[in-house]
Amino acid sequence: MVSREMALEVEALREQLEEYNYQYHVLDDPSVPDAEYDRCLRRLLTLEAADSSLLRADSPTQRVGASPLSHFQSVSHEVPMLSLENAFDNQDMVEFNRRILSRLGEEAGSLEYACEPKLDGIAVSLLYVDGVLERGATRGDGRSGEDISQNVRTIPSVPLRLRGSGFPPVLEVRGEIYLPKEGFERLNELARAAGEKPFVNPRNAAAGSLRQLDPRVTATRPLEMCCYSVGLVKGGELPERHVEILQKLKEWGLRINSQMQVVNGIEACDAYYESLAVKRDALPYDIDGIVFKVNILALQERLGWVSRAPRWAIARKFPAQEEMTELVNVEFQVGRTGAITPVARLKPVFVGGVTVSNATLHNSDEIERLGACIGDTVVIRRAGDVIPKVVSVVTSKRPGDAEAIIFPRRCPVCNSEVEREADEAIYRCLGGLVCAAQRKAAIRHFASRRAMDIEGLGDKLVDQLVDEGLLESVAGLYTLKRESLLDLERMGSKSVDNLLAALERSKHTTLPRFIFALGIREVGEATALNLANHFGNWEALVAASESELLKVDDIGPIVADHLRQFFDSRTSMDVVTGLREAGLQWPNLAVQSAEGLPLAGQTWVVTGKLESMGRSDAKAHLQALGAKVAGSVSANTSKIVAGPGAGSKLARATQLGIEVIDEAALIALLNREGVSL
């Protein structure tokens, strides 16, 4: 039987360890050295091991990690974990503030905004029931995530039991789990010492650590958690302001960000942004922007949500990270339409979380604008944190042997003539299908998922087929022989059979897909769909004059000219004939006049990011209802669908007084009209 003294000592040790954790991880003010903490923890482990009845799920000893899981269970979020709209400059912030003031009217006054650094980590949810941690979950898709309870229990800044009193019986806390810079470096030092591959960046390391099926591995990673909001709350009362809620979370033992501030008005938001941008590199953790939220909860409720984002919050992103490196060489790549693109080969440099060795130079005009030479020191930016781009040249570092970049006058692949049209910045190879690079790109496009969707026809296989002389055009795909394919490197019987089966399946397609797959210049998915719906069959489309083509929605003189050039080209039409003789077929479409359709005579614009469907799908649905979908906003625009990230088009629509709807309203409209989503 457990002695009273033993039970009291265990309780005292737990309280002492929780206090030490709170001082260290929440207040950033440790009162004892690590050795004292370790002594208390070892003593508690000894007492709990002596009598298992003393063990509790919220004991500090339970952070060491339980037995490995076989898989993660799915968790539903009763209150969805919404994403945020992004702002990329001060004008986006001004527009965000204008929308809020417009909705709130005179009640808005001088708006209070809560300003918080946007940590570059993993969003998670912690569920506390009667103050005890019951569950931890990832954000997932916002409506459901993965149960990572055993892993979050290993993180010292996640309290297993809330401190004090006054917390709601059911309290869901949301925050970001991240890896501090120092911890990231320490983790990579250990990896290198063990001969293992180091992590690329702190966010990837945090994500990988949280998704370990063995929580004992997670326990070895120096993860931290910082809270930024609450989700599900049952019973009890919370303060009326967002920042006051966060202060309560801090009292209850949860870490919040010390850089958080409350400001009045949008100008003060901009000042906060500029001040934190200066501090960014000195912070002990990575941030990729700042989150601004309307501070008063009653106003948040009035503003509500659009689609999967709140109207009362926005994330202003920092500019993409930049670095300097050497421009070692420039190579010229040839695309599907013959466009020749210069690609910078760089001395590898680590920027934006990845090692960059190539970057785009776009075209000859961009090279001229930059004044770049081979051998220059250049500034690289990962535009949108994705595509590396040369943004400037450090001319003060130019070496004496720097070489001018000479744009080729003949195709670097097939040696055909190169032409630059008067109204374009792009040089094009005139070799057509004679050019192996254009053939390869055309075949890749033809086989892509949104075109003919030929599984198993990857880039390397396309290269082999063209290089070995087995493919002269896309029509040759359907005459490939099994024996020839088996002779290719890495092509076994199963791979060959799967490819031939995929080719056979692709013969049954639709007219819009077929038009898009042909790779006619300026003819994307939406344009292909418009052409198919307008003409109904291939023969009518091919016979159409330029004036008839111009009657199709979204078809201008340039696209009409490209279409007629394709239809008038014997080489192009021979390819189409070969495809049809190989068995490609599709059902003709009933030509339907827009007259009588629900949106006939209306012009719509779709902008920003749509969560439930792509913009191309949204355009296709609107066109099916008779609307014309334009690429720019004008006085003739009827409505605009604006998702997160909508910028100048939304601003223009607001200026002109054009009705703006969000994705949820669009979906409701499509459902009312019987459109299948």
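How many residues does helix H5 have, and how far does it reach from its first C-alpha to its last? Helix H5, residues 181–193, has 13 residues and reaches 18 Å between these atoms, close to the 18 Å expected at 1.5 Å a residue. The expected span is 1.5 Å times one less than the number of residues. Helices (H or I, at least four residues) and strands (E, at least two) are DSSP runs numbered from the N terminus.

The model is predicted: local features need pLDDT of at least 70 and side-chain atom pairs count only at pLDDT 80 or more, while totals for chains, interfaces and linings use all residues. Residues are numbered from 1 along each chain as its sequence is written, and side-chain values use heavy atoms, with hydrogens and water left out.

**Helix H5**

Gly183, Phe184, Leu187, Asn188 and Ala191 are the buried residues of H5. Buried denotes under 20% relative accessible area, exposed over 50%, and partly exposed in between (1.4 Å probe, protein chains only). Seen down the axis of H5, its buried residues fall within an arc of 130°, so they line one face of the helix; the arc is that of the directions from the helix axis to the C-beta atoms. An α-helix has 3.6 residues a turn, so residues three or four places apart point the same way. The buried residues of H5 pack against helix H6 (202–210), with contact meaning heavy atoms within 4.5 Å. On the face turned away from the buried side, H5 carries the exposed residues Glu182, Leu190 and Ala193. Just after H5, Gly195 adopts a positive phi of about 75°.

**Strands E14 and E15**

Strand E14 (residues 322–334) runs antiparallel to strand E15 (residues 340–351), and seven bridges join them. Two strands pair if DSSP finds at least two bridges between them. Within this pairing, Glu331 stands opposite Val343 in E15. The hairpin has five residues between its strands, and Gly338 takes a positive phi near 90° there.

**Met324 and Ser364**

Met324 belongs to E14, and Ser364 to helix H11 (residues 364–370). The table gives their relative accessibility.

| Residue | Relative accessibility | Class |
|---|---|---|
| Met324 | 41% | partly exposed |
| Ser364 | 13% | buried |

Not counting residues up to four places away in sequence, Met324 touches Val349, Thr377, Val378, Val379, Val394 and Lys397. With the corresponding neighbours within four places left aside, Ser364 is in contact with Phe407, Arg420, Ala425 and Tyr427. The side chains of Ser364 and Arg420 are also joined by a polar contact of 3.3 Å. Such a contact is a pair of N or O atoms within 3.5 Å; within protein, one must be able to donate a hydrogen and the other to accept it, and residues adjacent in sequence count only if both atoms are side-chain atoms.
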